[in-house]
Amino acid sequence: MPSLLSNQPVTDAERRANDKHRHAIVALALLVIGVYVYCFTLVSAPVDLLPAQLAERADLSLEHVLDSDGNIDSTISILMAQEFGSNDDERLVFFGILALAFLSSYYLPLAWKQPALVAWTTLGIATLYGVPAMAGLLAAHLCVFLVLHPGRRPGVAALVGALAVVVMPSYPEGPLATWLLLIGLSVACALVYVYALVPLLARPRVARVLQFATVHAAVVFIGVSLALEAFTGDALDLSLAALLFFWQWARLAMYHVDHADGQVPADITPVGYLSVFVSPGVIPNWSWGVTIGQGYAYLQGKFLCEDKNRIVLAGIRLMLIALLYLVLWRWVHALLVSAAQSGGIEVFGGYTRRMVRAFSRGVDVGTVSVLATTLLDLVRFMMFLAGVMHFKVAIWRLCGYHVDPYYDKPWLATNLMAFWTRFAFHYREFLVRVFYYPVFFRAFRRHRTLRIVAASMAAAALGNFIWHVTERSFFREPDFDALLYVFGTWPYFVLLGAGIAVSQVFLLQRRRTRKPWTRDRWFVVDVVAAYVTMQYFALIHIFARPSGDATVADMTWLFLRAFGIEGGGR
């Protein structure tokens with residue numbers, strides 16, 4: 001797969017040449033969106049055509065496929081929606097927004113396509129998550145825009161003040177007082193920005209500190225909250241707007257890298273900035289695949305970079321592939337678990353965490369059980385992740401962005417480095433650009449092996465660990481328990497980083513003379529290498545799934561059981 005740095009800039013003239021309409025493609029895209037509406041909402045309930053009702057008439061058993069209310073169970077979720085009581089209704093609203101955003105990005109003139117996507121996404125967030133959440137998210141991003149791109153922009157600063165009033169939990173009594181607050185805060189923000197912040201940003205050292213703190217506000221927030229808890233016993237609360245913004249930390253970091261590399265135009269507009277972060281793909285499962293479509297340079301290089309009908313068709317194909325995963329993943333996992341149990345293998349329901357809990361309580365777990373359970377859990381994780389990730393990438397493609405797959409047949413990887421790229425491409429690129437490159441270009445310049453090992457550990461171990469700290473903290477409030485939980489999984493990050501480093505060093509020392517999966521006498525070696533790669537990645541998740549009273553020692557002994565080494569247990 002290509003690197004995010006390999007994209008060539010696309011001119012507006014090339015985009016206009018690629019902007020040719022084919023109404024049959026539009027009809028096909030809308031049909032596929034309609035299939036999603038039928039499968040994952042209750043739109044067919046009034047006419048008694050829900051999937052469960054059709055299955056009953058056809059005498060089909062769809063265990064592990066159907067939801068309790070008669071449609072197909074799905075991991076597509078509108079997380080923490082404020083205005084609706086049912087995820088089915090929320091998904092229906094989202095699919096409607098998606099259809100309108102697709103039509104706008106397809107038919108509108110080039111200059112209006114990206115602004116339309118921002119507008120439809122803003123409407124979708126306001127409808128599903130509430131106006132305060134939408135206002136808070138936009139205000140936060142506009143603050144970042146003003147700090148990264150300082151200039152005489154009093155109107156944008158005033159808009160931040162107006163949005164801040166919308167976010168307020170309560171207003172002064174009476175419309176006159178509200179309007180006075182709105183005008184007063186808007187004017188105050190404009191004056192403070194123009195006459196206080198802009199002069200500070202004109203100083204290079206101060207600007208670097210302010211920009212770094214603004215971009216990495218999520219990490220700063222966690223540090224401040226932990227310090228506050230240490231001294232007062234109370235942690236800071238997170239609003240939904242803050243959650244939506246903080247979960248885009250990785251994408252902000254990538255944008256900051258592009259900005260530092262001079263890849264972001266100096267005259268970028270607020271809408272041009274927002275188009276990187278406010279798009280239909282961020283509405284569903286906003287805490288999943290948060291690195292998809294990251295960075296300004298990458299997205300601009302992917303927007304209408306070829307015939308838009310080919311891009312949309314690729315999105316439709318991904319939507320259909322995602323549909324298979326979304327519908328069948330629970331059924332396939334249950335089938336595999338049943339087959340293993342029928343063969344006399346204890347697999348603990350196919351969940352590594354259950355196995356860790358059982359082992360810590362004294363249950364004897366054999367080598368085959370460790371191998372089978374961890375592998376089945378990885379298969380489960382890969383299938384449910386694939387459905388949502390393919391779906392989110394497909395949304396970008398429907399909107400005209402030829403975004404690379406997040407997830408690309410990881411079972412074909414014959415080493416851990418290739419597996420990590422195929423399994424989580426955009427997340428891997430975030431770790432590479434934000435953590436790997438800074439170390440690689442500075443440390444151990446005369447020692448290639450040490451250089452690679454240090455950079456790999458910085459990305460896959462340290463960077464990956466920092467991301468998981470933020471991930472754990474945002475959903476469970478930043479506190480010491482969340483931090484201790486992630487610290488307890490440290491062997492996973494070390495083993496992952498070490499495995500990737502060893503893979504890179506080995507590949508550099510022994511350059512390949514054949515392409516993997518070539519049908520020759522070495523084909524069986526590819527099969528074994530692919531299995532060993534997946535099994536290793538599955539096994540190290542023993543340390544990423546702590547449960548109950550399991551200690552690092554317990555998890556270590558359970559990990560060693562996979563290699564036939566007895567010991568531990570209670």
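Cysteine 399 is buried, with a relative accessible area of 3%, where buried stands for under 20% relative accessible area, exposed for over 50% and partly exposed for the range in between (1.4 Å probe, protein chains only). Cysteine 305, in contrast, is partly exposed, at a relative accessible area of 27%. The sulfur of cysteine 305 lies 14 Å from its closest cysteine sulfur, that of cysteine 399, and is therefore too far away for a bond. With a disulfide taken as a pair of cysteine sulfur atoms within 2.5 Å, the count comes to zero disulfides. This is a predicted model, in which local features need pLDDT of at least 70 and side-chain atom pairs count only at pLDDT 80 or more, while totals for chains, interfaces and linings use all residues. Residues are numbered from 1 along each chain as its sequence is written, and side-chain values use heavy atoms, with hydrogens and water left out.

The nonpolar packing comes next. A nonpolar core is a set of buried Ala, Val, Leu, Ile, Met, Phe, Trp, Tyr and Cys residues joined through side-chain atoms within 4.5 Å, and the largest such core has 165 residues, among which Tyr36, Phe40, Phe430 and Phe537 have the most contacts inside it. Helix 17 gives the most to this core, with 16 residues; helices (H or I, at least four residues) and strands (E, at least two) are DSSP runs, numbered from the N terminus. Once neighbours within four places in sequence are left aside, phenylalanine 537 is in contact (heavy atoms within 4.5 Å) with Leu378, Leu416, Phe419, Trp420, Phe423, Tyr492 and Leu496. A second, separate core of five residues includes Val337, Ala340, Ala372 and Leu376.

Rolling a probe the size of a water molecule over the atoms shows where empty space is left. On a 1 Å grid over the protein atoms alone, a cavity is a set of points where a 1.4 Å probe fits but cannot get out, a pocket is an open set with protein on both sides within 12 Å along at least five of seven lines, and lining residues have an atom within 4 Å of a point. Grid points are joined across faces, edges and corners, and a volume is the space filled by probe spheres set on the points.

The largest pocket has a volume of about 1200 Å³, and among its 36 lining residues Phe381, Trp467, His468, Glu471 and Arg545 lie nearest its centre. Helix 20 (448–476) gives the most to this lining, with seven residues. By class, the lining has 22 nonpolar, seven polar and seven charged residues, where Ala, Val, Leu, Ile, Met, Phe, Trp, Tyr, Cys and Pro count as nonpolar, Asp, Glu, Lys and Arg as charged, and the others, Gly among them, as polar. The second largest pocket has a volume of about 760 Å³, and of its 22 lining residues Thr414, Phe506, Arg512, Val525 and Ala529 are the closest to its centre.

The structure also holds two cavities of 30 Å³ or more. About 160 Å³ of space lies in the largest cavity, and of the 16 residues that line it, Gln248, Arg251, Gly281, Val282 and Trp286 are the closest to its centre. The second largest cavity, with about 40 Å³ of space, is lined by Thr374, Asp377, Leu378, Phe381, His541 and Arg545.
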